[in-house]
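Here is a short tour for someone opening this structure for the first time. Have the sequence and the 3D view side by side, and follow along.

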Amino acid sequence: MAQLSDDCFAFGGKLLSVEAAEALIAVRIPPLGGEESVPLPAALGRVLARDLVAPLPLPPFFNSAVDGYAFRHADLAEGGPTRLHLAGRVAAGHAAAPLPAGAAARIFTGAPMPPGADTVLMQEDAALEEGAVLVPPGLRPGANARPAGEDVAQGAVALPAGRRLRAPEIGLAAALGHASLPVAPRIRVGVFSTGDELASPGAALGPAQTYDSNRFTLLALLARLPVEAVDLGILPDRAAASAAALREAAGCHDLLLTSGGVSTGEEDHVRAAIEQGGRLVFWRLAVKPGRPAAMGVIGGTPVLGLPGNPVAAVVTFLHLARPVVLRLAGAAAEPLPRFAAEAGFAYRKKAGRREYVRVRLRPGGALPVAEKFEREGAGLLTSLTQSDAFAELPEDVLAVAPGDRVQVLPFAAVF
């Protein structure tokens with residue numbers, strides 16, 4: 001379990017920018033460490049625990065990149081075609097005999113180059129005549145052939161520690177002969193919702209209740225990260241009960257996430273509950289939606305209290321919870337993916353805070369066009385299901401006009 005000091009998040013300001021919050025996380029939160037070996041199919045999405053050093057070159061031998069004819073480039077005539085007699089055939093998976101001078105061998109993609117050969121003519125460029133092949137002029141030495149180690153040299157770091165393993169990394173590890181990989185253990189994350197107004201889906205609703213959505217949104221977001229996510233249910237609007245539940249959960253989790261109860265209302269108990277069990281630093285992030293957020297430590301376990309409005313919970317998850325999870329898991333920093341778009345809307349905002357505007361994307365000219373979602377409420381779940389991205393408006397931007405260039409954070413890359 002994580003064991004952080006109670007003051008590890010201490011800072012001097014009252015309102016943090018996104019960059020300042022992420023920088024503080026990178027400096028103050030250490031990776032949990034540890035290592036376990038898992039078979040390749042189970043390594044997808046996990047974090048590589050140590051450098052993967054290539055035990056052999058990739059490709060492991062000099063081979064043909066195409067179907068064609070292998071020969072010595074030095075045997076080619078200058079200024080015209082060269083006739084080379086055919087002296088052998090090399091298929092993939094079979095050893096090749098040495099190639100005599102003035103000869104060519106029929107060869108197939110991936111087959112080892114015959115000793116002496118260094119160049120391959122693609123079969124569609126070849127002309128055949130009575131046991132020989134005519135090689136046209138202009139072919140460069142080494143054409144259509146792949147040297148041993150062209151992709152990865154033996155002894156090189158093929159994958160660095162901290163890399164999250166995707167399909168390409170799994171394929172590379174397999175190509176290097178690894179049947180299993182050393183990965184960091186999954187961190188254990190407990191997820192609470194808060195509030196007497198909430199009921200779990202499937203339960204009967206009280207007269208003033210709504211069904212809890214945030215807990216399931218957060219669990220779904222965590223499913224894309226290298227964690228074991230645990231549903232801890234709903235905290236009641238009672239300070240003592242909330243404090244007891246957080247203390248108990250802190251003892252068996254590496255990170256706790258809550259949603260709701262972190263503002264300044266009389267029924268917002270998460271802040272007080274964290275303070276009772278450890279140390280609280282109330283991070284008022286300079287973002288909209290999502291400013292009220294609590295971060296602290298209980299018994300050495302970091303606790304993040306996210307806002308209760310669904311859109312605000314998602315924004316703060318991406319900028320607080322996601323980097324904390326990756327840091328604890330020992331993963332290399334992964335900036336949120338962004339790309340440029342053309343604004344198809346007009347918008348005004350305050351200076352000094354970053355705003356995330358929900359947008360739909362449609363094809364445009366040089367850039368896609370971002371059209372603002374019709375409504376702005378932070379409690380509108382449909383604004384996430386019916387939009388494609390957040391348009392990210394920096395702190396120093398006061399207004400956006402149609403045609404302006406904006407950065408967008410696509411939902412498909414993070415949801």
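A helix axis here is a line fitted to C-alpha atoms over the stretch in contact, and angles run from 0 to 180 degrees between N-to-C directions. Helices (H or I, at least four residues) and strands (E, at least two) are DSSP runs, numbered from the N terminus. The model is predicted, with local features needing pLDDT of at least 70 and side-chain atom pairs counting only at pLDDT 80 or more, while totals for chains, interfaces and linings use all residues. Residues are numbered from 1 along each chain as its sequence is written, and side-chain values use heavy atoms, leaving out hydrogens and water.

**Helices that meet**

Let's begin with α1 (residues 18-28) and α6 (residues 310-328), whose axes come within 10 Å and cross at roughly 20 degrees. That makes α1 roughly parallel to α6 (angles under 35 degrees count as roughly parallel, over 145 as roughly antiparallel, 65 to 115 as roughly perpendicular and the rest as oblique).

Which residues of α1 and α6 meet? On the α1 side they are V18, A21, E22, I25 and A26, and on the α6 side H319, L320, P323, V324 and R327. Contact, by the way, means heavy atoms within 4.5 Å. Sorted by class, the contact of α1 with α6 has seven nonpolar, one polar and two charged residues. Here Ala, Val, Leu, Ile, Met, Phe, Trp, Tyr, Cys and Pro count as nonpolar, Asp, Glu, Lys and Arg as charged, and the others, Gly among them, as polar.

Now look at α4 (residues 239-250) and α5: their axes come within 8 Å and cross at roughly 55 degrees. That makes α4 oblique to α5, and the crossing of α4 and α5 is right-handed. From α4, the contact takes in A239, S242, A243, L246 and R247; from α5, A273, I274, Q276 and G277. By class, the contact of α4 with α5 splits into five nonpolar, three polar and one charged.

**Which side is tucked in?**

The arc in the table is that of the directions from the helix axis to the C-beta atoms.

| α1 (residues 18-28) | V18, A21, L24, I25 | 135 degrees |

Just after α2, G177 takes a positive phi of about 90 degrees.

**A buried alanine in a loop**

A43 sits in the loop between β2 (36-39) and β3 (52-53). Is A43 buried or exposed? A43 is buried, at a relative accessible area of 0%. Leaving aside residues up to four places away in sequence, A43 touches V38, L165, I170 and L181. A43 and L181 are 138 residues apart along the chain, yet their C-alpha atoms are separated by 6.9 Å.

Most residues other than glycine have a negative phi, and most peptide bonds are trans. Here are some spots to check against that.

A cis peptide bond joins L58 and P59, with omega about -5 degrees, and P59 is in the loop between β3 and β4 (63-64). Another cis peptide bond joins K288 and P289, where omega is about -5 degrees; P289 lies in the loop between β20 (287-288) and β21.

E130, in the loop between β9 (127-129) and β10 (132-135), is not a glycine, but its phi is positive, near 45 degrees. E130 is exposed, with a relative accessible area of 80%. N144 is not a glycine either, and has a positive phi of about 60 degrees. N144 is located in the loop between β10 and β11 (145-146) and, at 21% relative accessibility, counts as partly exposed.

Terms used: Buried < 20%, exposed > 50% of the residue type's maximum accessible area, 1.4 Å probe, protein only. Left-handed = near helix turned anticlockwise from the far one by under 90°.
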